[in-house]
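Hi,

Here is the structure I promised to pass on. Have a look at it first, and my notes on helix packing and the cores follow below.

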Amino acid sequence: MAFHSGVDSRVLIVGCGISGIGAAQKLIRQGFRNVRIIEATSRSGGRVQTGRLDGKIIEIGANWIHGPSQKNPVFRLACQYQLLDEECMSEENQSVDIDGLPPFFSTWLSSSGKKLEAEVMAPAVEVFLTLRKKCKEFYNSSRAPMSSVGEFLKTEALRISNDEWKEDEARKLRQALFSTLLKLECGISGTHTMDDVDLGSFGMYNSLPGLDCTFPGGYDGLITHMMNELPKDIVLFNKPVKCIHWNNVHSRSSAKEGTGPVTVECINGETFEADHVIVTIPLGYMKKHHDTLLNPPLPQHKSQSIQRLGFGTNNKIFLEFEQPFWDEDCEVMFLIWEDEYDLQNPVSDMKTAWIRKLSCFTVLKPTERYGHILCGWIAGHESEYMETLCEEDVLRTVTQLLQRFTGNPTIAPRKLVRSRWFHDPYTFGSYSYVANGCSGQDIDNLAEPLPLTGSNAQPLQVLFAGEATHKSFFSTVHGALLAGWREADRLISHYNPSPRKVTANL
């Protein structure tokens, strides 16, 4: 193959989420002239999706910039496009180190309709946060004492509470609070249960400094600005991909001579020839379709890593109220079921008990912008079941829940909007996590381009990006963006291998 400059090579990007858009931006800035994005749906943004509830902005997908500080490329872009408010961009906000958990002003509500004293619950929160921090430390140590985060948190939380609060009448309530915090943790990790999250790899995720912040005008403003910098008509919408044929298999099997080593075949029968394809689709989709998505099929170690890695669901239920029933400074309401003090995962009837998985409601702030909107968070199989119910059923169940926990039978939300990520046919869930028995090697395997090193075929035919391919920022928007940039850089340096820098020892 005659070496030609990269600017003429044809690059196809599958998926128009932030990872694909970021890769396209970088390649085009480097002078690549033949870049196209193929998107299965009718919109760009992927899991960044801003919606409306009665005209108010709500985030159906990505919610926060996690760790809004200079190390976060999403934050830097948001500042550059002037999409954030002053407070979020302040030096002070960027330097707060919260280790991934914001210091909320919390209200604690119990299933008997009582508001619990913050000082009574505080020791339990402290124990939980200390244990959570400990979970992260096993990543750098030689061996985790147990296999899962859930097992460790539950064993240790019960041991400490039975030791330290033996005589305390608040012991069972605090243990029930552990149960609530475990459900919240399921949402943060995007898993059904923390028993499915690998303890030894939990600390691989890196929290950046900065107090998590939101986009006043909606997260999709970021996507719009990025898209505006791309050439017009670069994206082909409504083109779900059926199969990526690589290693020239398509041109060998069809009568016509292919002009590139890769042919992307869409479900509608259209085909696109390319020198390189960057695949940025969600791991949830890969899990379901990896055996037919590539031809020749993925090498075994890659497909095994896809199966091993975790990908779960975290959904939101937005409720709008005429008037707030919560305190003005309240940022989050935690729901504590008093009978959940033993921290078991009871296999209960999904129909009646799905609502128990809803861990808390966050208050959308500021009120001037959002009016009176709460966002309920629910993860796992219960969240997936919630998606199958009609809106009226969800509204009725959530209303009963709020009435029970506040002890106020008159509470009635006016409107409801919910996310349904599990039933989205191109994502099948929310984001990735490191499941039991997984390690960073699985993420490396997922990100490894085809053909594998050592093959004589044309290199870098199929590359892989997206949040699940980033070892320290999986599950985040900035992880997705960095992964897109990484694969673009891989192609750029393939065509422009920079001379080795010689550093003199001064």
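At roughly what angle do the axes of helix H1 (residues 18-29) and helix H8 (residues 220-228) cross? Bear in mind that this is a predicted model. The crossing comes out at roughly 30 degrees, and the two axes come within 10 Å. Angles under 35 degrees count as roughly parallel, so H1 is roughly parallel to H8. The crossing is left-handed. On the H1 side the residues involved are Ile18, Ile21, Gly22 and Gln25, and they meet Leu222, Ile223, Met226 and Met227 of H8.

The other pair I looked at is helix H5 (residues 118-137) with H7, where the axes lie 9 Å apart at an angle of about 45 degrees. That angle makes H5 oblique to H7, and this crossing is right-handed. H5 brings residues including Val120, Ala124, Phe128 and Arg132 to the contact, while H7 brings Leu173, Leu177, Leu181 and Glu185, among others.

Now for the cores. The largest nonpolar core has 82 residues, and the members touching the most others are Ile244, Val277 and Leu294. Helix H7 (residues 171-189) is the top contributor, giving seven residues. Both domain 1 (1-49 + 216-309 + 436-495) and domain 2 (102-206 + 314-418) supply at least three residues each. If you click on Ile244 and ignore its neighbours within four places in sequence, you'll find contacts that include Val14, Val262, Val277, Leu294 and Val462. A separate core of 45 residues lies apart from this one, with Val35, Ala78, Leu83 and Ala488 among its members.

Cheers

Definitions and conventions: Residues numbered from 1 in each chain as written. Predicted model: local features only at pLDDT ≥ 70, side-chain atom pairs only at ≥ 80, totals over all residues. Heavy atoms only, no water. Core = buried A, V, L, I, M, F, W, Y, C linked by side-chain atoms within 4.5 Å. Buried < 20%, exposed > 50% of the residue type's maximum accessible area, 1.4 Å probe, protein only. Helix = DSSP H or I, 4+ residues; strand = E, 2+ residues; numbered from the N terminus. Domains from an automatic or database assignment. Contact = heavy atoms within 4.5 Å. Axes fitted to C-alpha atoms, helices over the stretch in contact; angles between N-to-C directions. Parallel < 35°, antiparallel > 145°, perpendicular 65-115°, else oblique. Left-handed = near helix turned anticlockwise from the far one by under 90°.
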